[in-house]
Amino acid sequence: MSAGFSLLRVWLFVVVWMAHAGCAQLDSLFKKTDVEVAKPRIYVANESSSTISVLDAKTFRLVGTIDTKNHSTHDLALTRDGTRLFATNLASGRLSVIDTNLLETVASIYIGNRCHVVALSNDNRQAWIANIGEDTISIMDTATYRVLGTIPLGKGPTSIAFSQDGRFAFVSTQGKTVQVIDTATHQVVRTIPVGADPHFLVLSPDGRIWGTNAGGDDIFIIDPVTHEKVITMDVGPQPQQIAFGYKGMQGPNAYVTVSGLGKVVVINAEAKTLRVIDQIEVGKGPNGIWSNPEGTRLYVGQQPTNLLRVIDTGTNQIITTVSVGSKPVRVIGAR
Amino acid sequence: MCILALAILWLCMGALATAQVRQIGKAQNAIGALVVIRADGVQERLQGGGSLPLYEGDVLKTDIACRALIEIGDGAQIALNELTTLKLLVRWEKNKAITPILRVSRGEVWVKTTNGSRSIEAETPVANVAARESEFDLKVNEDGQTALTVIEGVAEFGTPFDTCSVVAANATSSVRGKPCKKLPASEGTTTIAWTNPLLANPTLK
């Protein structure tokens, strides 16, 4: 009886010890993961100071300012692993490559006259860059930084977004159209009239392509299968950029910076019939907007005041404001 | 004393500012004329022999029956055949030597890099050629179609779809939207016969 009890005690000890060791291993695994994702950052392209402001996405503190070694830094694209940041520089016609660990520009590549925006292919192996002064898209290998070719387009390409499956690139142009490029053949397979001065394009969570007509009052949506404009909606003067997020259980919502109103207009993006569900006052000239991957925070660049507004999507309230560089036009972070 | 120091500082700053445009080579010889269009639009011409400085951002053009020989980087020789347009560029990478780049929009160029010289690249509307210690000829049509013939050494021929290593006495081509395509082997000396007058007599007018 006594020997059996002792054996049970030893067995229990071993079980408890193993469970503890297992938890400790799991604990260290999670800690390691925490370390790897511990630095979610927000990058802000400051066109007039030709810099990139870097903020901690959780504490909203400025952690660095990167000299792009070029002029008129305009658009940004971040690799999925977050290690490389690509920045277009309008006045230089060059692309800056930034090492996000060093917070330093490590390469500068001439792309084309007034290179405007950059988008990474879905596999991140190519950067597609729109040259507004040459009416072309340049394709650069993101490993070698070699420009591998160009695609001629209509007047003034202004934005690029890839379809969810990567088969098509949607490019807005100053010719009041969005051109659809087959990424396997580099041929324009469709030209979609979308309205006055289309500018920003973005892929929504459901695979549709949303765009703004910055010269007008409206946004539009393109069906990714039929390649037709399926919805147009007035949101106010000079809509600029769009991000997607959630308000608690509600969403996804589209958040549109409307420069002429000084507001972020919130649209129920889930419904078949879009409707404005809220408007958030942010001050004059909001432009760049980014949502964190969870969709709970919005980061809005306010161009005339050189401020970044951080909005909580649960309350649609500004929770903090951070000073950044001069003329913040684009805001991005981890996807 | 203080004013003198400020004046010296001002002069140094002026020197730094003017040093921003990087000289990356020189034009040495032209049959007919080589037109050099500077980044600010100002044009200069080389006719016959000479030593015209070439800067990053310059556009070089040859007209019909005109050819030119230039040198860039640390001794790489480049010949432009008639009806050629190219732009001189550089890529900067931290802790690496500057990479000279020829952006050829149309025409034909012959490139010969010297032993031990840094790599040189040529961009066309549909491809990129990267080479070191090699000799090659590159033809670019109006529609961007590109043909590369390697005469000596090896060159990497990259398109948005693939990269082909091309060795001496081999040729490859590409058109927009297609990967590289091997061409029948060609006689390199025949391909570049047009460079002979430039290389043989550098003072031709």
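**Stop one: a pair across two strands**

Start by selecting A:Val264, then look across to β23(A): the residue standing opposite is A:Ile280. Before you click on, keep in mind that this is a predicted model, where local features need pLDDT of at least 70, side-chain atom pairs count only at pLDDT 80 or more, and totals for chains, interfaces and linings use all residues. Residues are numbered from 1 along each chain as its sequence is written, while chains are lettered from A and ligands numbered from 1 in the order in which they are written.

Now colour strand β22 of chain A, residues 263–268: 5 bridges tie this strand to β23(A), and the two run antiparallel. Strands here, like helices, are DSSP runs numbered from the N terminus (E, at least two residues, for strands; H or I, at least four, for helices). Two strands pair if DSSP finds at least two bridges between them.

**Stop three: A:Asn287**

Next, pick A:Asn287 in strand β24 of chain A, residues 286–291. Buried or exposed? A:Asn287 counts as buried because 22 C-beta neighbours lie inside 10 Å; the cut-off is 20 or more other C-beta atoms within 10 Å for buried, 12 or fewer for exposed, and partly exposed in between, with C-beta atoms placed from the backbone. Beyond four places in sequence, its contacts include A:Gln240, A:Thr257, A:Gly301 and A:Val329 (a contact means C-beta atoms, placed from the backbone, within 7 Å).

**Stop four: where chain A meets chain B**

Show both chains: the contact takes 17 residues from each of chain A and chain B. On the chain A side, β7 (104–110), β10 (136–141) and β11 (147–152) each give two or more residues, and β7(A) gives the most, with 5.

Zoom in on β7(A), which 2 bridges join to strand β6 of chain B (residues 85–93), running antiparallel. Finish on A:Ala107, with B:Glu93 of β6(B) standing opposite.

Definitions and conventions
Two residues are in contact if their C-beta atoms, placed from the backbone, lie within 7 Å.
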